[in-house]
Amino acid sequence: MNWQSDANVTETILAPVLEGWYDHHKRDLPWRHTRDPYRIWLSEVILQQTRVAQGKPYYERFVAAYPTVADMARADEQSLLRLWQGLGYYSRARNLHQTARYVTEHCAGKFPDTYQELLKMKGIGAYTAAAVASFAFGERVAVVDGNVYRVLARIFGIDQDITTTTAKKTFAALAARLIERANDPATYNQAVMEFGAIQCTPVSPDCLLCPLQQYCVAYQTGRQSRLPVKAKKSPVRDRYYSYLVFRNNGRLALRERTARDIWQNLFDFYLQETDEPVTTLRDLALPDPVSGLVQQGVSTAYVVELSQLLSHQRIRAFFHLIDLPDRLLEQLPTGLNWYTMDQVNELPKPVLISNYLAREFG
DNA sequence: AAGGCGGGGGA
DNA sequence: TCCCCAGCCTT
């Protein structure tokens, strides 16, 4: 038996080794220059299921627009969603606003400063609570994110499916033991995530230069590419959207999406969803008042087709631009409102809609 | 316990 | 294509 592969030994040395590695390899990121819990929280929410490269410019814009939690609390949700546009998972933005207002109004602007209190906030789960508690307040509580699952699964050779509840408990318990050995909890949490992002990457990890090579069960058994184990995701759903883009005097008719569906609280056009793709206006079965509107309006001859790939849905969208004369305006379906192009620009919209607007009117 | 929720980037 | 990304919420 190789003593170096003993899990107890690995548990003892892991935290200090990662902290030492981090000291030499950490990236210079804007949220690492502050201990303001508001800014750390903001960065963590932005980075939920989001790569650093994608989130960084958003963080800069949010800090500039809302330097303090009180500034964010004062903002209207629509402006916040507009600033969030393109980041996805828009409930994060709505929860961000809700928590900013709660902290401002019920906590006298002072951010909750313990893991347990942070966990009560909207949009703050186990990961984000641990991140803010450790980074801003030095609390010794371990983060468990995608990086941590990968690093620990490989180092310790854990082949449990990380989507299961029992596996989550296994990893959380292990992470809790590991952070007890850390010199500094904040540094260790940053270190293990940074290590996963830079060194122990999902594909082609840099094992040859890895300081943990001798301790890593995955490396010793050649299972780097098989760990962590994760159940396959369900297949994506195909959806077909036919949009009617009503125009009048340079204004466009948009509506807010309020259904329990994708893009909640974002704006798009009159939408008819179909089970199969319908590429022409003529073949689209429209409800009575709308079909009359289309008959009497002047529709452009061409159709703009755009696709949008989400992680769980594949959307093919067909856009029909229809000019309405003034006499038909009062027949506009309820929910739709007229916006000038400047106003349209200020509305929060899905990337699909932004792409259409850029192509048709940009 | 399972499913929904964005969008982008890398292989 | 497929997978993953500093996850969280609802049912």
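Visitor: From which domains does the lining of the second largest pocket draw at least three residues each?

Guide: The second largest pocket is lined by at least three residues from each of domain 1 (3-226) and domain 2 (237-361). A pocket is an open set of points on a 1 Å grid over the protein atoms alone, where a 1.4 Å probe fits, with protein on both sides within 12 Å along at least five of seven lines; lining residues have an atom within 4 Å of a point. The model is predicted, with local features needing pLDDT of at least 70, side-chain atom pairs pLDDT 80 or more, and totals using all residues. Side-chain values use heavy atoms without hydrogens or water, residues are numbered from 1 along each chain, and chains are lettered from A and ligands numbered from 1 as written.

Visitor: Into which domains is chain A divided, and how far apart do their C-alpha centres lie?

Guide: Chain A comprises domain 1 (3-226) and domain 2 (237-361), bounds that come from an automatic or database assignment. Between the C-alpha centres of domain 1 and domain 2 there are 39 Å.

Visitor: How much space lies in the second largest pocket, and which residues are closest to its centre?

Guide: This pocket holds about 680 Å³, a volume being the space filled by probe spheres set on the points. It is lined by 22 residues, of which Gly88, Tyr89, Leu310, Ser311 and His312 are the closest to its centre. The lining has 8 nonpolar, 10 polar and 4 charged residues, with Asp, Glu, Lys and Arg counted as charged and Gly as polar.

Visitor: What is the volume of the largest pocket, and which residues are closest to its centre?

Guide: The volume of the largest pocket is about 1,400 Å³. Among its 35 lining residues, Gln49, Asp145, Gly146, Asn147 and Arg150 are the closest to the centre. By class, this lining consists of 15 nonpolar, 9 polar and 11 charged residues.

Visitor: How many residues surround DNA strand B?

Guide: There are 20 such residues, and Tyr89, Tyr90, Thr165, Ile262 and Trp263 are the closest; near means a heavy atom within 4 Å. Of the atoms of DNA strand B within 4 Å of the protein, 57% belong to sugar and phosphate.

Visitor: Which side chains lie beside a phosphate oxygen of DNA strand B?

Guide: Polar contacts pair N or O atoms within 3.5 Å. In the side chain of Thr165, an N or O atom is 2.3 Å from a phosphate oxygen of DNA strand B, while for a polar side-chain atom of His312 the distance to a phosphate oxygen is 3.4 Å. Gln49 instead places a backbone N or O atom 3.1 Å from a base nitrogen of DNA strand B.

Note on methods: A polar contact is a pair of N or O atoms within 3.5 Å; within protein, one must be able to donate a hydrogen and the other to accept it, and residues adjacent in sequence count only if both atoms are side-chain atoms.
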